[in-house]
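Open the model in your viewer and keep the selection tool at hand. The tour goes stop by stop.

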Amino acid sequence: MSPAFVFILGIILLVIFFLIRMPIAFSMGLAGFLGLSYLTSFQTALMFVPRDLFEVFGSYSISAIPMFVLMGYYGFSAGLGNRLYESAFSIFGHIRGGLAVSTIFACAGFGAICGSCTATSATMGKLAIPAMKKYKYNDMIAAGCVASSGTLGILIPPSVVLLLYGIITSESIGKLFVAGIVPGIILAIFMSLAVYIYCVKNPTVGPPGEKVPFKGKMKAIGRIIDVIILFVAVIGGLIFGFFTPTQAGGVGAVGAILIGLARRELTWKAFIDNTREALRTSCMILTVMGFATLFGHFITLSKITFLLSDWITTLKIPSFFIMLIIMLIYLIGGCFVDSLPFMILTVPIFYPLVVSLGYDPIWFGVIITILTGVGTITPPVGINVYVIKGITNGLPLETIFKGTTLFLVAMMIATIILIAFPALTLFLPNLVQ
């Protein structure tokens, strides 16, 4: 069999492993090992396993991932999510759909500390859904809003997904983080407009909350000054070269702890529990990366990237249509595979092709991060939807998925604008040297 055909069989085998619910990391590891064994030999494939795992686990650049994961969990322990939601509620809560709009902007703010879509949805869901029930919000809008807004957690810097993309492609992590700011704000604005317009047309689904006086709004904003300072310190230090990505994550984690101690909101139990959860999450990500590296070597030996590039160059279609096909793959693939492993799996294939077509790799990283994020609220996987299902206890999955439709439309419109006008994504990172 040709190497390309072996690659196709490897992908089919990988999908079968996914369908029988084998853990993603081990699915990629076993499929990659079997593919390498066929293309080389069993002994050679066996040598790849410890080497690839050691290279990943011993890499200094990879250590940035546990640091940013720690930052997110410690930020949760320090009560940053609560204060962000309260501040957003004091500003937007009095308008129709205001609690939903508050949730969207609170998720954007917490995403600037957390970097995880599931953690953002879980944190804000525990705060926003009871509040929306109190004001008699429609269950579909309430649950769909929290699930959808959580996707901002993987785009607003610091983003674990963009960090991983930078590690895989050797692109500037600082520029990737900066590039996520404007698209994240645009997504939040479009989602807010969508829910506001819907609630104006259907007044009963999102009644207004209590109006907070101007003095109360200023006081609420003052309560999140420490969050803003932490964000500026971490991202600014990374952009201007004061920190490496690992150091930036470490500074963020320590900063979150100090904020929690200063406000007396960080308990010893919360510190231990969230350290344990951060360790579990980091081990999961690193294990996926280790075995994905093994699968990546199988991809390299199959020469599929070269064959794909050569085939694309023979096609008589504009590069724009090729890019649309790639984006469609990410949009559909994100519906079945979690964003982290899917990016690890596909970026080594498509990144060289995108660069050869003349597209900016920073822009490409942001767009595919958005597209894979969309997969977290679409069936059949829709991991954010399952997180909200666990919080709401008894709310049908169909109701939550139906609630995400409104926000999904808003996200796709915003994404089309970002694709049509790359300058919206690139003008900030172009200012960074």
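Buried means under 20% relative accessible area, exposed over 50%, and partly exposed in between, with a 1.4 Å probe and protein chains only. This is a predicted model: local features need pLDDT of at least 70, side-chain atom pairs count only at pLDDT 80 or more, and totals for chains, interfaces and linings use all residues. Residues are numbered from 1 along each chain as its sequence is written, and side-chain values use heavy atoms, without hydrogens and water.

**Stop 1: two loop residues**

Select lysine 136. Its relative accessible area is 65%, so lysine 136 is exposed. Find it in the loop between α7 and α8 (139-149). Helices here are DSSP runs (H or I, at least four residues), numbered from the N terminus. Check the backbone: lysine 136 has a positive phi of about 60 degrees and is not a glycine. Most residues other than glycine have a negative phi.

Now jump to arginine 264, in the loop between α14 (245-262) and α15. Its phi is also positive, near 60 degrees. Arginine 264 counts as exposed, at 79% relative accessibility.

**Stop 2: a helix pair**

Show helix α7 (residues 117-134) and helix α20 (residues 383-392). Their axes come within 9 Å and cross at roughly 40 degrees. Axes are lines fitted to C-alpha atoms over the stretch in contact, with angles from 0 to 180 degrees between N-to-C directions. α7 and α20 are therefore oblique to each other. Oblique is what remains after roughly parallel (under 35 degrees), roughly antiparallel (over 145) and roughly perpendicular (65 to 115).

Which residues meet? From α7, pick among others Cys117, Ser121, Gly125 and Ile129; from α20, include Ile383, Val387 and Ile391. By class, this contact of α7 with α20 has seven nonpolar, five polar and two charged residues.

**Stop 3: the core**

Go to cysteine 283 in helix α15 (residues 268-302). At 39% relative accessibility, cysteine 283 is partly exposed.

Ile65, Met289, Tyr330, Trp363 and Phe364 have the most contacts inside the largest nonpolar core, which has 140 residues. Such a core is a set of buried Ala, Val, Leu, Ile, Met, Phe, Trp, Tyr and Cys residues joined through side-chain atoms within 4.5 Å.

End on methionine 289. Beyond its neighbours within four places in sequence, methionine 289 is in contact (heavy atoms within 4.5 Å) with Val56, Ile62, Ile65, Leu164, Ile167 and Ile344.

Methods: Nonpolar A, V, L, I, M, F, W, Y, C, P; charged D, E, K, R; others polar.
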